[in-house]
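Here is a short note for someone opening this structure for the first time. Please read the points with the model in view.

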Amino acid sequence: MGTPPSSADDLAHLLGAMAVELEGQGDPETVLQEIVRSSVQIVPGARWAGISLIAGDRVESRAPTDRIVAHLDQLQSELDEGPCLSVMREQHTIRIDDLATDNRWPRFADAATHCGVRSLLSFRLFVHRGSLGALNLYGGEAGVFDDESILIGEVLAQHASVALARLNAEARFQRSLDSRDVIGQAKGLLMQRNGVDGLHAFRMLLKVSQETHTKLVDVARRLVSLQESGLSQAG
């Protein structure tokens, strides 16, 4: 269970060390695991932790410290209600002192108490462009989270938001590079096959994209895949 740092200097040191650790990580799963691990260690009252991320029209449970967390995150997604969903949709922070007496999400609260969860803190993870998800902390007893828990949790959520935003930006950039590469390969194939220049080859791809209502990059991938399949069979 998370225990409070003995002083402001200790807290600053812990958060600084976490920031350095996050900055040095490139793998998204490693970053998420470090965030939840630190949350359980630092936030007073926290016994379990996990991150819920928005994935299209679904909410994914990521890096849970226990199966209980994964179960409760999945339950909220299935019920389309619960504190972490409300955090992402409406508020920055939700604190529940006793799930056994909270009436806002009765189906979720009933399942949580049956799992041994009595207290909850949920922090929205966000950047300027919108919400990313939620950092969810769970306690095994009622009333374990206090104002210090909220203060430290909000700082951790800010670190998590920055790390996730950076990783998302890097992923988008890599996807953009990959798309440019595959479109370039497809253009090259058309140029070679049809004896046309690059602009004409691009227009050919664009025409197929428009006529089939298919994304340009998917048309290019299909063409490259067919070429590679043909070469493999020929070999």
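1. Accessible areas come from the Shrake-Rupley method with a 1.4 Å probe, and for residues only the protein chains shown count as cover. On that basis the protein chain exposes about 12900 Å². Carbon and sulfur atoms supply 50% of this area.

2. The model is predicted: local features need pLDDT of at least 70, side-chain atom pairs count only at pLDDT 80 or more, and totals for chains, interfaces and linings use all residues. Residues are numbered from 1 along each chain as its sequence is written, and side-chain values use heavy atoms, leaving out hydrogens and water.

3. The protein chain has eight helices and five strands. These are DSSP runs numbered from the N terminus: helices are H or I with at least four residues, strands E with at least two. Their order is α-α-β-β-α-α-β-α-β-β-α-α-α.

4. Of the 235 residues in the protein chain, 41% are buried. Buried means under 20% relative accessible area, exposed over 50%, partly exposed in between (1.4 Å probe, protein chains only).

5. Look at helix H5, residues 106–114. Its buried residues are Phe108, Ala109, Ala111 and Ala112. They fall within an arc of 165 degrees seen down the axis, so they line one face of H5. The arc is that of the directions from the helix axis to the C-beta atoms. Pro106 and His114 are exposed on the other side.

6. Strand E4 covers residues 119–127 and includes serine 119. Serine 119 is buried, at a relative accessible area of 0%. A polar atom of its side chain lies 3.2 Å from the backbone nitrogen of glycine 143.

Terms used
Polar contact = N/O pair within 3.5 Å; in protein donor to acceptor, adjacent residues only side chain to side chain.
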